[in-house]
Amino acid sequence: MHEQVKEYYGKTLQGSQDLQTNACCTDTDLPAYLKPVLASIHDDVMTRYYGCGLIAPAALRGMRILDLGCGAGRDVYALSALVGESGSVVGVDMTEEQLAVANQHLDYHAQRFGFAQSNVTFLHGYIEKLDLLNLPENSFDIIVSNCVINLSPDKAAVLKQAHRLLKPGGELYFSDVYADKRVPAQLVDDPLLYGECLSGALYWNDFVNLAKRCGFADPRLVEDRPITVSNAAIQEKLGNLRFFSATYRLFKIDGLEPACEDYGQAVIYKGTIPHHPDVIVLDKHHVIQRGKVFPVCGNTYRMLNETRFKAHFDFIGTWDNHYGIFEGCGTSLPFDTAVTGSTSSGGGCC
């Protein structure tokens with residue numbers, strides 16, 4: 001499978017226009033502050049972008065970030081601008097042709113962002129075998145990936161390696177493709193469907209349970225959208241399978257509870273995260289307005305109190321009393337099936 005994917009992304013695809021579906025190479029609406037960053041990235045890098053989402057979480061200044069399956073480096077270079085000279089970004093990819101493009105433009109982007117030297121490193125390797133790259137354990141604040149983990153034949157290994165490399169309180173923040181049911185084996189074996197980021201997609205609930213087994217106890221869905229396959233022949237092969245592009249964040253925090261337990265706690269956002277003065281989105285169900293008391297479960301309290309977000313919040317409550325579980329938690333399809341979804345701005349279930 002590795003060889004098929006390297007062939008597809010290294011030789012078959014010469015640019016995003018060569019893709020056969022719209023599962024990859026899509027962005028959500030870009031925040032205004034990111035548009036000039038992406039506009040500064042070299043055209044050679046941009047034309048070889050095959051992502052399915054936006055992997056730029058908040059509060060990045062000074063962070064050390066690892067990009068799994070970085071390709072030609074679009075996200076690496078964008079993140080390098082956001083972390084600043086005090087931060088750094090490492091990109092890993094197995095496709096030499098993609099890395100060759102990425103490495104050609106190190107100096108270009110350093111100069112473009114006004115840095116004395118590049119804060120970017122690209123490594124050739126497999127995202128399932130990060131232990132072979134001499135990356136120190138517990139050394140990254142954030143690990144990102146953009147429509148790549150679905151291409152891995154060993155997704156458990158990817159998540160376990162990510163957990164090993166993250167600092168305590170760090171997070172895996174990534175976009176990928178998911179299916180509403182398990183993909184039949186005959187479709188998984190189709191090289192075109194696999195290369196187009198469809199047949200390698202996990203059933204969403206299998207992913208949630210896999211993430212928990214790999215140490216990420218409470219996966220949080222940040223945003224999602226349904227994928228429309230605008231290719232009649234491929235849609236016929238897929239039958240009634242539905243696919244979604246979704247962004248998840250997985251925190252490395254020991255001892256998170258398996259459900260959303262209510263301890264009567266709340267947080268107040270100070271409005272101090274750059275580019276997010278009025279509201280900060282933790283996940284799809286936690287859109288937190290500045291200055292407003294926002295009730296949270298114990299896990300959410302810890303995700304804000306034991307991570308890089310701590311300085312940006314006031315925290316209310318203790319662990320002295322337990323009031324049961326937040327109502328509404330369940331295991332139904334978490335994605336919006338309409339083309340345009342909505343998010344909640346109140347407190348409540350995770």
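Predicted model: local features only at pLDDT ≥ 70, side-chain atom pairs only at ≥ 80, totals over all residues.
Between which helix and which strand is the loop that holds Asn-119 found?

View 1. Residues are numbered from 1 along each chain as its sequence is written, and side-chain values use heavy atoms, with hydrogens and water left out. Asn-119 belongs to the loop between helix 6 (106-112) and strand 3 (120-124), where helices (H or I, at least four residues) and strands (E, at least two) are DSSP runs numbered from the N terminus. With a relative accessible area of 10%, Asn-119 is buried, a word that stands for under 20% relative accessible area, as against exposed for over 50% and partly exposed in between (1.4 Å probe, protein chains only). The side chain of Asn-119 reaches the backbone oxygen of Ser-80 at 3.2 Å. Leaving aside residues up to four places away in sequence, Asn-119 touches Ser-80, Val-83, Gly-84, Gly-87, Ser-88 and Val-89, a contact being heavy atoms within 4.5 Å.

**View 2. The ring pair of Tyr-178 and Phe-207.** A search of the whole structure finds 14 aromatic pairs, for which rings of Phe, Tyr and Trp (its six-membered ring) must have centres within 6.5 Å, with planes under 30 degrees apart counted as stacked, over 60 as edge-to-face and the rest as tilted. The rings of Tyr-178 and Phe-207 have centres 5.1 Å apart and planes at 50°, so this pair is tilted. Because Tyr-178 lies in strand 5 (residues 166-179) and Phe-207 in helix 10 (residues 204-213), the pair ties together parts that are 29 residues apart in sequence.

**View 3. Helix 10 and what covers it.** The buried residues of helix 10 are Trp-204, Asn-205, Phe-207, Val-208, Leu-210 and Ala-211. Their cover includes helix 7 (155-165), strand 5, strand 6 (202-203) and strand 8 (243-251). Just after helix 10, Gly-215 takes a positive phi of about 110°.

**View 4. The ring pair of Tyr-269 and Phe-313.** With ring centres 5.4 Å apart and planes at 40°, Tyr-269 and Phe-313 form a pair that is tilted. The pair links distant parts of the chain, since Tyr-269 is in strand 9 (residues 265-269) and Phe-313 in strand 13 (residues 313-316), 44 residues apart. Tyr-269 and Phe-313 are both buried.

**View 5. Charged ends over tyrosine rings.** The charged end of Arg-74 sits over the ring of Tyr-49, 3.7 Å from its centre, and that of Lys-129 sits over the ring of Tyr-126, 5.7 Å from its centre. A charge sits over a ring if NZ of Lys or CZ of Arg is within 6 Å of the ring centre and within 35 degrees of the ring normal.

View 6. Most residues other than glycine have a negative phi. Ala-59, although not a glycine, has a positive phi of about 60°; Ala-59 is placed in the loop between helix 3 (43-46) and strand 1 (64-68) and is buried, with a relative accessible area of 18%. Phi of Cys-197 is near 70°, again a positive value in a residue other than glycine. Cys-197 is found in the loop between helix 9 (191-195) and strand 6, and is buried with a relative accessible area of 0%.

Notes. Polar contact = N/O pair within 3.5 Å; in protein donor to acceptor, adjacent residues only side chain to side chain.
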